[in-house]
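Biologist: I have the file open and would like to go through it with you. Can we start with the ligand?

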Amino acid sequence: MKGKISEIFFSIQGEGPFAGLPCYFIRFFGCNENCSYCDTKYALSGKFSLMTPGEVAGKIKGGFPVVITGGEPTVQTDFLADLVSKLEGRRIFLETNGANSIKRIAEKFDFISFHLIPPPTRGKKEFITEISRVRFGVKIVVERETKLKEIFSIAQFLKNFEKGVLILQPLSSRKRIVPAAAEKSLRFAKAVYPAFPRVFVIPQIHKLLDFR
Ligand code: SF4
């Protein structure tokens, strides 16, 4: 089986609780969403390489952790499952918008970052339940349309899962964090913390460093 791969590169993890960790990135091609703020549009349409799981795993050198990202990795679920088995023995992180179930492989990941695009529907809450056996973060990009009641709703739901954290990621534009989004993220975190203290405001630090 071959999968569509946009790129494979080395950088630091720029998001979430492992921000700063040097990692290899495997970017899957294709996505089921089309977010206005997407900074990887090139992985949604255009060029990709067709590769086997073994060919992809062969590009990962040394003992570094691997971040599987996109696009949206779960649009190629079977290929993802095969790739993860080839990467066994490494720390593997997954970044997903929860497009498809990963129930059968969730425990292969050291951390799952679930990009929740509000509102938090029943299907999205089911996905969180599915990944809750491993450490996970629900990431919400805070932009102009983001509503505090949606953040509260998901924080309330996350109380059920001790391995989950809530990450508010202020919107970036090009290489800059939008000041209004940063201010709003802080305000939301302050409001949510008393009910749910596992809330963080973490910007995309790779952009600040001008890394990929
Ligand atoms: S889910 Fe992620 S990759 Fe897909 S369009 Fe939105 S930001 Fe881009």
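Biologist: Which residues are around the ligand?

Modeller: This is a predicted model, in which local features need pLDDT of at least 70, side-chain atom pairs count only at pLDDT 80 or more, and totals for chains, interfaces and linings use all residues. Residues are numbered from 1 along each chain as its sequence is written. Around the ligand are Cys31, Glu33, Asn34, Cys35, Cys38, Thr40, Gly70, Gly71, Glu72, Asn97 and His115. A residue is near a molecule if its C-beta atom, placed from the backbone, lies within 6 Å of it.

Biologist: How many of the shell are nonpolar, polar and charged?

Modeller: Three are nonpolar, six polar and two charged. Ala, Val, Leu, Ile, Met, Phe, Trp, Tyr, Cys and Pro count as nonpolar, Asp, Glu, Lys and Arg as charged, and the others, Gly among them, as polar.

Biologist: What joins Gly70 and Gly71?

Modeller: A cis peptide bond, with omega about 15°. Gly71 sits in the loop between β4 (66-69) and α2 (77-86). Pro118 and Pro119 are also joined by a cis peptide bond, with omega about 5°. Pro119 lies in the loop between β6 (111-115) and α3 (122-131). Most peptide bonds are trans.

Biologist: Back up a bit. How many helices and strands are in the chain?

Modeller: Six helices and eleven strands. Helices (H or I, at least four residues) and strands (E, at least two) are DSSP runs, numbered from the N terminus.

Biologist: What share of the residues counts as buried?

Modeller: 37% of the 212 residues. Buried means that 20 or more other C-beta atoms lie within 10 Å of the residue's own, exposed means 12 or fewer, and partly exposed is in between, with C-beta atoms placed from the backbone.

Biologist: Why is strand β8 largely enclosed by the rest of the structure?

Modeller: Because seven of the seven residues of β8 (residues 164-170) are buried. Gly164, Leu166, Leu168 and Pro170 point one way, while Val165, Ile167 and Gln169 point the other way.

Biologist: Which strand pairs with β8 over seven bridges?

Modeller: Strand β7 (residues 136-142), in the parallel sense. Two strands pair if DSSP finds at least two bridges between them. Gly137 stands opposite Val165 in β8. β8 also pairs with strand β11 (residues 199-201), again in the parallel sense, over three bridges. There, Leu166 stands opposite Val199.

Biologist: New topic. Where is Phe9, and what does Phe9 touch?

Modeller: Phe9 is in strand β1 (residues 3-12). Leaving out residues up to four places away in sequence, Phe9 touches Phe25 and Arg212; contact means C-beta atoms, placed from the backbone, within 7 Å. Phe9 counts as partly exposed, with 13 C-beta neighbours inside 10 Å.

Biologist: Last one. What is the phi of Asp210, and is Asp210 buried or exposed?

Modeller: Asp210 has a positive phi of about 60° although it is not a glycine. Most residues other than glycine have a negative phi. Asp210 is exposed, with 7 other C-beta atoms within 10 Å, and lies in the segment after α6 (205-208).

Note on methods:
Two residues are in contact if their C-beta atoms, placed from the backbone, lie within 7 Å.
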